[in-house]
Amino acid sequence: MMKWIAVLGFTISIFADKATSYDEMSTYVTGMAEFKCDYKNYQNISSSELIYTWEKHITDSEIFVVAELFKGKRIYDHVTKSYKNRNMKFMQNGDLYLYNITMEDKGTYHCLVRKKSGVGGMELDHKKEYKHKVNANYSVPEISNGSFLELDVESVVNFHCSSGDGFPQPRGILWMVVDCNGTQYYPVNCTVVTSPSCAIKETAQTFTISSNFTLTVKSSTNVSCTVMAHHNFSSDVLQIELKPEITIRSEENNNLKYIAMCIILIVVLILAVVIYCSRKTSRSIPLQNRQNPTTTAPNNDVTQQEAMSFIHNTEDTS
């Protein structure tokens, strides 16, 4: 009984391996794609009796032969011309490594393993299918606002951000503004339809995205934009500064304040000196209507003494 169960399991595994298996993979432009054939040689078939073939299916009727391995050796009889000189590595177990990926490499790939059947016949023994997606990184977003990097207060500024050569289609652009009020984010969703705020243009194989953004600049401000796609791609930070004249005026105003204060202090000091001198002068000059005789007494005393001395001298002489 156990023997029949083992045989049944082995038979089921063979049929399961012959069934087409499906897988998905994503790579990037200029990168490498690794396609696994995943062939399980349960019957230990000699490599001289196997043919490994990788095909790329464009449509049901348009098929490219990418690589082929017969009796362990590469053959090129059926390989499509564009793949004959392609940079790749084809392993003995059927695994394929495709280098320098381009947007043209996206599509459906099949690994087919055939074995000899009868005289000159071939039978499909294994099939593996891949849905290969190729992503292209967007270029570094370029942000600009004309040539205005020095602005007046309350100036309205129009910014522009663009990026291209990316795949798949991006979701939109995120604007980031850093000023005296902190950091603010402004997300803009984009579609293929052109609009004033954001638009996506589809080229032959990639997408280009651009967005316009209007901001009232009230202080020194830093602005940047980010393309939201399979990865986020950010621009350099654009710095907007206020014109130097604005700073100079404020310094001049402060200087004028200091000068005005100094002038006021000087005037007050002069007034104080004038008042003090006027009061001192008024005390040293007597009023005409209120003369005090004692103020001239010393002079009178000196005159009288001289007269008396003259009289005494005269009498002595006589």
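Is Cys161 buried or exposed? Cys161 is buried, because its relative accessible area is 0%, where buried means under 20% relative accessible area, exposed over 50%, and partly exposed in between, with a 1.4 Å probe and protein chains only.

The structure is a predicted model, in which local features need pLDDT of at least 70, side-chain atom pairs count only at pLDDT 80 or more, and totals for chains, interfaces and linings use all residues. Residues are numbered from 1 along each chain as its sequence is written, and side-chain values use heavy atoms, with hydrogens and water left out.

Cys161 belongs to a disulfide, a term that stands for a pair of cysteine sulfur atoms within 2.5 Å. The partner of Cys161 is Cys225, at an S to S distance of 2.0 Å. This link is right-handed, with 75° about the S-S bond. It connects distant parts of the chain, since Cys161 lies in strand 12 (residues 155–166) and Cys225 in strand 17 (residues 221–228), 64 residues apart. Strands here are DSSP runs of E with at least two residues, and helices are runs of H or I with at least four, numbered from the N terminus. Cys225 also counts as buried, because its relative accessibility is 0%.

The structure holds three disulfides. Another of them joins Cys37 to Cys111, again with S to S 2.0 Å. With -75° about the S-S bond, the link of Cys37 and Cys111 is left-handed. This pair, too, bridges distant parts of the chain: Cys37 sits in the loop between strand 2 (33–35) and strand 3, Cys111 in strand 8 (residues 107–117), and 74 residues separate them. Cys37 counts as buried because its relative accessibility is 0%, and Cys111 is buried at 0% as well.

The sulfur atoms of Cys190 and Cys198 are 1.4 Å apart and form a disulfide. The torsion about their S-S bond is about 80°, so this disulfide is right-handed. Both Cys190 and Cys198 are buried. Counting bonded cysteines along the chain, the disulfides follow the pattern 1-2, 3-6, 4-5. Two further cysteines can be described by their accessibility. Cys262 is partly exposed, because its relative accessible area is 44%, and Cys277 is partly exposed at 40%.

The strands come next. Strands of a sheet pair through backbone hydrogen bonds, either parallel or antiparallel. Two strands count as paired if DSSP finds at least two bridges between them. Three bridges connect strand 2 with strand 7 (residues 96–98), and Glu34 stands opposite Tyr97 in strand 7.

Strand 3 (residues 50–57) pairs with strand 4 (residues 63–70) in the antiparallel sense over seven bridges. Five residues form the hairpin that joins strand 3 to strand 4, and His57 stands opposite Ile63 in strand 4. Strand 4 also runs antiparallel to strand 5 (residues 73–74), with two bridges joining them. Leu69 stands opposite Arg74 in strand 5. In the hairpin of strand 4 and strand 5, two residues lie between the strands, and Lys71 takes a positive phi near 55°.
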